[in-house]
Amino acid sequence: MVHAQFDNSARQQLAIASVEAKTRRGLSWQQIADAAGLSVAYVTAAVLGQHALPEKSAKAVAALLGLDDDAVMLLQTIPTRGSIEGGIPTDPTIYRFYEMLQVYGTTLKALVHEQFGDGIISAINFKLDVKKVADPEGGERAVITLDGKYLPTKPF
C-alpha cells in the first residue's frame with residue numbers, strides 16, 4: 001500500500017541519519033544510487049527526503065547504509081516535498097541557484113512560453129544531471145541539465 005507523509009520531520013531525521021551513515025562508511029552518492037539501481041540525482045533526492053524509493057531500492061539503500069526496517073518504510077513513503085525553508089537561502093551553493101533564477105527566471109519563462117505555449121515544465125516527469133567539465137580558460141565548469149516534460153495548460 002502506498003503511504004504519504006503530512007509532516008516531513010521523520011524524513012528530515014532519516015536524511016540526517018543517512019548522511020551520517022554515508023559519511024561514516026565513506027560512500028559516494030553514486031555508490032548509493034548504484035545499489036538502488038536508479039539515477040544518482042533521483043536517489044540523492046530520495047535519501048534527502050524529496051522522493052519515495054521503490055521497495056527494492058529502499059531495502060538496498062538501507063542495507064548499504066546500515067539502516068533499520070523503519071528507515072526502509074520511510075524511504076518508500078511519499079514525502080512532503082520542499083527542502084528549502086522560507087526566505088532567501090543562506091547556503092552559498094543553494095543561494096547561487098536562487099540567484100540564477102532571480103536573474104534568468106523571467107528569461108526562462110519567456111523562452112519556454114514562446115517555444116511551447118502556456119504551460120509548465122514538470123518536476124515530476126523530470127531528469128537531472130550534473131557533470132564536471134574542463135573550462136577551456138582553466139579550471140572546471142558545472143554543466144547542469146534540467147530535463148522536464150512540458151505540460152500545457154488545458155482550458156476547462
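The model is predicted, with local features needing pLDDT of at least 70 and side-chain atom pairs counting only at pLDDT 80 or more, while totals for chains, interfaces and linings use all residues. Residues are numbered from 1 along each chain as its sequence is written, and side-chain values use heavy atoms, leaving out hydrogens and water. Helices (H or I, at least four residues) and strands (E, at least two) are DSSP runs, numbered from the N terminus.

- Residues up to four places away in sequence not counted, Val43 touches Ile32, Ala33, Ala36, Leu38, Leu53 and Val61, where contact means heavy atoms within 4.5 Å.

**His51**

- His51 is placed in the loop between H3 and H4.
- His51 has a relative accessible area of 17% and is therefore buried (buried is under 20% relative accessible area, exposed over 50%, partly exposed in between; 1.4 Å probe, protein chains only).
- Beyond its neighbours within four places in sequence, the contacts of His51 include Arg11, Tyr42, Leu75 and Arg81.

**Surface patch**

- A nonpolar patch on the surface, with about 1,100 Å² of accessible area together, includes Phe97, Leu108, Phe126 and Ile144.
- Patches consist of residues with over 30% relative accessible area and no salt bridge, with like charges joined within 9 Å and nonpolar side chains (Val, Leu, Ile, Met, Phe, Trp, Tyr) within 5 Å; accessible areas come from the Shrake-Rupley method with a 1.4 Å probe, and for residues only the protein chains shown count as cover.
- H6 gives the most to the nonpolar patch, with six residues.

**Strand pair**

- E1 and E2 run antiparallel and are joined by 12 bridges (strands pair if DSSP finds at least two bridges between them).
- Gly138, in the hairpin of E1 and E2, takes a positive phi near 105 degrees.

**Salt bridges**

- The structure holds five salt bridges (a side-chain nitrogen of Lys or Arg within 4 Å of a carboxyl oxygen of Asp or Glu).
- In one of them, the closest N and O atoms of Lys59 and Glu55 are 3.0 Å apart.
- Arg141 and Asp135 form a salt bridge at 3.3 Å, N to O; Arg141 is partly exposed at 49%, whereas Asp135 is buried at 15%.
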